[in-house]
Amino acid sequence: MPRATGHHREAFGLIWHSPVLDIPELPKRLVEPRSGDVAAVAIAPEDPECWPELPPGLHDTPFLQMGRGDLRLTVEDIGRFRITGGDRIAWHRAHQGVSDQDLCTFLLGSAVGALLIQRGMLVLHGNALEKDGRAVVCMGHSGAGKSTLAYALMQQGWRLLADDLVAVTPDGRVLPGIPRIKLWHDAAKAFGLDLVQLPPIRQGMDKYLLMGDAVHSATEAVPLQALYLIHQRRHDSQDSDASRITRITSQKTAALRLRNQAFRPRFVRGLGQEGPNFMALARLQSRVPLASLPMPSGIAAMQDWLEQQDLLQAAATAEGPAPAQQVEERVSV
Amino acid sequence: MSSPEPYWYLASYPKSGNTWCRVFITELRRLAGLDSAEATAAAQQEERELRLNRDLATGSIVSSRHWLDDQLGIDTSDMSWAELDKVRGRVGHQRAVYAECLRYHKVHDAFVSPDSAAQPVVPVEHCRGAVVVIRHPEDVAVSLSHFFSWDLERCVAFLLNEQAALCRSSKRGGQQVRQFMGTWANHVNSWVDQQQIPVLLLRYEDLLAQPEEHFGRLTGFLDLPSEPALIRQTVANTCFEKLRAKEEEEGGFHERPDGCERFFRSGRSGEGREQLNADQLAQLGDAFSSTFQQFGYEVSTRVHI
């Protein structure tokens, strides 16, 4: 159990204790934890030479080795991470030129996600936003525009619960996660943000980090009301479903889509968590509506369109696909 | 690690017949009964997405961010293009979790990039070879112009640009990572001259003129059934008119890429010679003369019609 030394931070209902590496993206815990109060995670430097050998796993890649309760990740020229037992992240800096920020970026993206999976938590790849004590989760593959959408919603009074990694409890609540947004140069500029004032996510990259006062964040777990799969809409579409929120009505389609949006399915498999994960997804699907969200291209058009939507209710009230689309839906999963 | 499965690359400069070859392979496997109806449907869906996405996003293109994220275990949008090119060739070849039809990888990258330190940008371990499809750059210019809605001058400049790349902006996200190509000649030579994996060179013009012979070379190289009757039938089912008709038919309920009127537009060869001006033809001829010679392409002068 880590000592209370002022390095305590809190996210996903856990206390994170990292005495050597400061991780400013994780919110500070205002109250010092009492022993046994909340589960704690230790984050500490370690020499990978001391890590015991891991037998090759079926889902390993040259950069990733996994066994039950043990995941090793190598990020070329940045560092190595070992996540064990759902309560420890060990890190190693590849060389002195690697900044703390470089380490934090990959630690928060991959190591934290692996740890949550080890704890048996349901982790989705997306953003969670809160309004009126309810949450929506917007999911999509890398590059789909999740962060842009999250920032646009924040401009419209939503509060950010979690970015990138979204953890949902068995009783259907979204836990406050990492309250930051990473915006690409073009999106940040289109929102009228002053790029000079924003820190890049890593030195030299045209992608910026919004955190602290730059985001409105929610700090309490709230019930999940709706799930959205986002995709970019096209200008010249003749398809009537392409410009409206469409409920995914087929149970099979919903299950496959959700499975594909779980955070890093390879981690889930390699860590032996596929069974529990499947059950958690099925439970989620049975209680929360899933819909596709076609985002208009262009920030202004997207903001205008979002103004007219009631995302807390839309997934549940939206119609399913038009008959011609149902065939498509079957083959496109 | 899972046991290695055979895989091949279909490498080409954009708009040179790569999708045509992939459609051919899918259809041949369907006719030969090599794939289940489900696998064929998945592959066809993938082809459709290939054509319908302006940035050519697809599950099995080697530059897919989704695939790289899965293999590397990180969010690749946290890395610079230079950092990525150093690792891409070493990602190994694990089957992407939940993805189908990964045997024939489409790739538009040049074999190496200035950032990859002379190492291949694509994995080569256990790779059985690369089918390199080339097309006369004059015709590529015309096709690019329709696909990207660029004028011909810009397309010619792109073919000649030593830094040319797809998805090269570092200022926005996207479903693919940057794909360095350099000039058209650099791209072709990077694949043909490399010594690490076997190469089958196919010219788009030959696939058009003698489809059975040259698609037969393709099936032989890919260890696919090569009976003449099967190839004849597949060629007939995937001829340009059929693909175009299919695209029209699908247009009714499918989205088309912004600005691009249709993917299977003309397919003809010789359009470049008719549409490019004398100066543009000369620029391509001068810059690529040795490569033209090597692959039996003529340098065009302006044809008056």
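Mentor: Two strands pair if DSSP finds at least two bridges between them. The helices (H or I, at least four residues) and strands (E, at least two) are themselves DSSP runs, numbered from the N terminus. Before we use that, some ground rules: residues are numbered from 1 along each chain as its sequence is written, while chains are lettered from A and ligands numbered from 1 in the order in which they are written. This is a predicted model, where local features need pLDDT of at least 70, side-chain atom pairs count only at pLDDT 80 or more, and totals for chains, interfaces and linings use all residues.

Trainee: Okay, what makes E1(A) and strand E2 of chain A a pair?

Mentor: Count the bridges. E1(A) and E2(A), residues 14-17, share four bridges in the antiparallel sense, and the definition asks for at least two, so they pair. Look at Ala11(A) for an example: Leu14(A) in E2(A) stands opposite.

Trainee: What order do the strands of that open sheet have?

Mentor: Seven strands run E1-E2-E3-E7-E6-E5-E4 in chain A, with mixed pairing.

Trainee: Why is one side of strand E1 and of strand E4 of chain A left without a neighbour in the sheet?

Mentor: E1(A), 8-11, and E4(A), 64-67, each have a single partner strand, so they stand at the edges. From one strand to the next, the twist averages 15 degrees. Angles like this run from 0 to 180 degrees between N-to-C directions, with axes fitted as lines to C-alpha atoms (for helices, over the stretch in contact).

Trainee: Which strands does helix H1 of chain A lie across?

Mentor: H1(A), residues 100-118, lies across E3(A), E5(A), E6(A) and E7(A), at about 20 degrees to E6(A).

Trainee: Where does the domain assignment put the bounds in chain A?

Mentor: It gives domain 1 at 9-118 and domain 2 at 122-331; such bounds come from an automatic or database domain assignment. The two centres, taken over C-alpha atoms, are 25 Å apart. Each domain puts 24 residues into the contact, where two residues count as touching if their C-beta atoms, placed from the backbone, lie within 7 Å. On the domain 1 side, H1(A) gives the most, with 11 residues.

Trainee: Why is Asp77(A) called partly exposed?

Mentor: Asp77(A) has 14 other C-beta atoms within 10 Å. A residue is buried with 20 or more such neighbours, exposed with 12 or fewer, and partly exposed in between, with C-beta atoms placed from the backbone. So 14 puts Asp77(A) in the middle class. Asp77(A) sits in the loop between E5 and E6 of chain A, and has a positive phi of about 65 degrees although it is not a glycine.

Trainee: And how do you know whether Lys15(B) is buried or exposed?

Mentor: Lys15(B) has 24 C-beta neighbours inside 10 Å, so it counts as buried. Lys15(B) also has a positive phi of about 65 degrees without being a glycine; its place is the loop between E1 and helix H1 (18-31) of chain B.

Trainee: What makes helix H2 of chain A largely enclosed by the rest of the structure?

Mentor: Eight of the 10 residues of H2(A), 146-155, are buried, and that is why. Among them are Lys146(A), Tyr151(A) and Leu153(A). Just after H2(A), Gly157(A) takes a positive phi of about 95 degrees.

Trainee: Which residues point one way from strand E14 of chain A, and which the other way?

Mentor: Lys207(A) and Leu209(A) point one way, Tyr208(A) and Leu210(A) the other, and all are buried. In a regular strand the side chains alternate between the two faces of the sheet. E14(A) pairs with E13(A), residues 181-184, over four antiparallel bridges.

Trainee: In what sense do strand E1 and strand E3 of chain B pair?

Mentor: They pair in the parallel sense over six bridges. Ser12(B), for instance, has Val133(B) in E3(B) as its bridge partner. E3(B) also pairs in the parallel sense with E6(B), residues 199-203, over five bridges.

Trainee: What is the mean pLDDT of chain A?

Mentor: It's 89, and 90% of the residues in chain A reach 70 or more; pLDDT is the predictor's confidence in each residue, from 0 to 100. Residues 1-5 of chain A fall below 50. For chain B the mean is 83, with 81% of residues at 70 or more. The model scores ipTM 0.90 and pTM 0.86.
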